[in-house]
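Biologist: I am new to this structure. Please show it, and then I will ask what the terms rest on.

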Amino acid sequence: MSYFRKNSGTGNKSQTANTPLRMKILVGVILILFAALVGQLAYLQLIYGTRFSSEVNSTDESTMTKSVPRGVMYDSQGRVLVGNKAENAITYMRSLSATSKEMYQVANTLSNYIKITDEKPTKRQIADYYLADSARAKKVYNALPKSQKKSSLSTSEVNNYEVAYVETKIKPTLTTKQKTAALLYNKMSGTSTLSTINLKSNGLTNTEMAQVGEHLSSMPGVGIGTDWNRYYPNGSSIKSIIGSVSTTKTGLPSDNLQYYLVNGYSRNDRVGTSYLEKEYEALLKGTKATYKVTSDSSNKITKTEQAYKGQSGASLKLTIDAKYQAAVTKALKTQFNAALSAGAASLSSGAYAVAINPNTGAVLAMSGISYDPTTKKIADNALGTINQSFVMGSVVKGAQVAGGLINKVITPTNNTLPDTQIYLPGSPVKKSVYPVGTFGSLSATSALEVSSNIYMMRLTLKWIKASYVAKQYISMPQTAFQTLRNNFKMFGLGQKTGIDLPGESSGIEGSSYDSSTGVILSGSVLDESYGNYDAYTPIQLAQYVSTIANGGYRMQPYVVQSIGHTSSDGKHFYAYYNKKPTVQLKIPWTADELAVIKQGFYQVVHGSNGWGTAHSLKNVKPSISAKTGTAQTFYYNTKTGKSTDTELINSTMVGWASSNNPQIAFAVVFAGIDPDLEGSYNKNMAKAMVTTYYKMHKGQFSSK
């Protein structure tokens with residue numbers, strides 16, 4: 001039996017498996033590419049190996065900045081108005097490699113040694129702190145619906161969903177220590193890389209300092225340094241003019257955030273937020289110290305070297321004398337309290353006083369108090385002198401007479417006008433405060449002395465060439481208001497003075513035309529002529545009267561006299577810039593025309609007419625030339641935002657001293673006084689301002 005079958009010799013002669021051709025080609029390509037890769041790696045290793053090794057082990061250089069003390073402000077006599085008080089501080093510098101996890105750990109560790117009690121974490125800060133724990137963050141993420149975890153969402157969008165989940169679903173309750181940690185974490189995480197912030201400075205105790213110092217090695221980035229805060233060694237009456245500085249908590253103002261960031265500020269930097277602090281921010285902030293920071297390839301800082309020590313902010317020397325400012329403020333409060341006690345100021349909104357050097361425009365004092373009739377509270381409001389507007393009354397009559405003279409409506413030798421009252425059709429008689437028929441006619445100087453409203457209205461009718469028939473008819477050109485207002489603006493009334501303080505008001509213009517007919521308001525034009533229509537600020541009054549006092553130069557008011565720097569010991573101020581007085585306009589009058597107005601102001605105080613308005617100041621030394629004013633107004637209820645029918649007056653006064661050698665010009669406003677209890681508060685205030693100023697500068701000026 002045969003166990004093996006013999007091949008019959010038919011079919012395939014060979015059973016050997018053949019590799020397909022395309023597979024051989026593919027394997028060949030792979031071998032070639034692999035050989036090329038090995039060759040390239042060998043080439044890089046042999047030729048550039050040393051260079052790459054050097055780059056791996058190389059270091060990086062970055063720049064770190066640190067804030068410097070803010071500039072100091074001095075009064076005109078060199079007294080510190082606002083300075084910097086150094087305080088110990090716990091600081092934090094965010095490194096190049098700092099992670100959320102590391103900052104979370106540092107915050108928790110640091111909260112064992114310090115407490116923050118003057119701040120409370122917000123819901124967002126609590127949520128961010130809660131999510132800084134990676135385990136908790138993972139659980140929150142897993143709990144989110146799929147729609148809030150889509151790959152198309154950005155990291156910040158997902159984080160917002162996580163925060164919302166923590167705030168609404170978990171609502172974590174923190175211990176006191178954890179609240180401190182949450183605040184610390186928020187400050188750390190909000191700090192830009194290589195920036196240093198103060199974690200705590202206010203209320204830092206010696207114990208806290210010691211404990212933090214002992215454990216610095218366990219808290220990367222934490223250090224002990226110094227901070228500064230603004231202080232006011234000569235009182236706070238001028239603080240509203242100086243302005244405010246933001247805190248490290250508030251940091252940069254949100255409304256101007258991008259501007260500050262572009263200009264090199266950090267988010268937690270303190271900046272001037274109002275008035276002089278804001279106006280001169282670029283100078284006061286100084287130049288930050290810079291450090292060259294060297295780090296290795298793992299972002300670990302290996303070396304820190306100071307490149308620039310920084311420069312403290314520039315210092316300012318003001319035109320205001322702190323002692324005189326305090327005296328003016330005290331006198332203003334004394335007079336206003338007297339008005340309150342007498343019942344004259346029960347509905348008043350406050351009182352204001354400005355003193356200025358008429359020859360330069362330098363502000364000597366600016367004081368203000370605001371009063372709330374509903375709460376009976378008085379508050380300092382020096383800035384009301386530049387941002388509060390009032391109808392000022394007869395004090396502006398000097399500008400009205402000047403307009404008549406300059407435009408040749410009247411002349412220095414021919415300026416007598418009839419003093420007969422004005423009767424407009426369908427309107428109450430327009431007259432002066434004295435009885436009808438007291439005077440048949442008045443000259444310009446006498447009209448100023450007795451404060452004749454009639455004279456100013458008669459002058460206006462002649463000036464604008466109005467047609468007028470008593471009780472029957474009046475017609476005036478559509479440009480009548482513009483004519484009067486342009487004249488007042490020559491003296492600074494009704495426009496910004498340009499004082500170097502932000503927030504100045506230009507005043508308030510009343511309506512010029514009837515809204516229904518478009519016809520000019522003729523009666524209001526006449527009211528405008530004697531100061532009973534448009535509203536001006538106290539600083540505008542001061543500029544106006546200074547222009548008359550100095551002979552016709554409208555000087556720009558200013559409060560910063562010099563810019564310089566303070567010596568390292570803090571005892572000396574060195575100026576590198578001094579303000580030069582700026583003439584904004586020269587009044588185009590003649591010497592004889594000016595003499596008419598000056599004589600009128602002199603007679604207001606020193607005249608003999610029984611209707612003179614300030615003869616009680618006749619014996620004051622030095623001699624005062626002035627003009628008083630009263631303007632009708634009505635009580636404005638700040639709670640309801642509506643005016644009432646309760647009639648009040650603004651009691652005002654402007655002037656200068658001495659009459660022949662002006663060294664001080666002043667403006668005084670008592671707003672909203674009872675017309676039946678007007679008193680002499682404006683005149684008493686003017687007397688105090690002048691006599692106090694000359695007493696403080698005894699022997700420097702002539703008192704004639």
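**Terms and values**

Modeller: Strand 10 and strand 11 make a hairpin with four residues between them, and K376 in the turn has a positive phi of about 65 degrees. This is a predicted model, in which local features need pLDDT of at least 70 and side-chain atom pairs count only at pLDDT 80 or more, while totals for chains, interfaces and linings use all residues. Residues are numbered from 1 along each chain as its sequence is written, and side-chain values use heavy atoms, with hydrogens and water left out.

Biologist: What makes strand 10 and strand 11 a pair?

Modeller: Strands are DSSP runs of E with at least two residues, helices are runs of H or I with at least four, and both are numbered from the N terminus. Two strands pair if DSSP finds at least two bridges between them. Strand 10 (residues 363-372) and strand 11 (residues 377-380) have four bridges in the antiparallel sense, so they count as a pair. Within this pair I369 is opposite D380, and Y371 is opposite I378.

Biologist: How do you know that strand 9 pairs with strand 10?

Modeller: Seven bridges join the two strands, which run antiparallel. Y352 faces G368 in strand 10. These strands also form a hairpin, with six residues between them and a positive phi of about 90 degrees at G361 in the turn.

Biologist: Which strands are the edges of the sheet?

Modeller: The open sheet has six strands in the order 11-10-9-24-23-22, with antiparallel pairing. Strand 11 and strand 22 (624-637) are its edge strands, as each pairs on one side only. Strand 9 (residues 350-356) is joined to strand 24 (residues 664-673) by seven bridges, with A355 opposite F666.

Biologist: What packs on this sheet, touching strand 9?

Modeller: Helix 21 (residues 681-696) does, and it also touches strand 10, strand 22, strand 23 and strand 24. Contact means heavy atoms within 4.5 Å.

Biologist: Why is strand 10 called mostly covered?

Modeller: Buried means under 20% relative accessible area, exposed means over 50%, and partly exposed lies in between, with a 1.4 Å probe and protein chains only. Eight of the 10 residues in strand 10 are buried.

Biologist: Why is helix 4 called roughly perpendicular to helix 5?

Modeller: The axes of helix 4 (residues 134-143) and helix 5 (residues 155-170) come within 10 Å and cross at roughly 95 degrees. Axes are lines fitted to C-alpha atoms, for helices over the stretch in contact, and angles run from 0 to 180 degrees between N-to-C directions. Angles under 35 degrees count as roughly parallel, over 145 as roughly antiparallel, 65 to 115 as roughly perpendicular and the rest as oblique. Helix 4 is therefore roughly perpendicular to helix 5.

Biologist: Which residues of helix 4 and helix 5 meet?

Modeller: A137, V140, Y141 and A143 in helix 4 meet V158, E162, Y165, V166 and I170 in helix 5.

Biologist: What covers the buried residues of helix 3?

Modeller: The cover includes helix 2 (100-110), helix 4, helix 5 and helix 6 (176-189). Among the buried residues of helix 3 (residues 123-131) are Q125, I126 and Y129.
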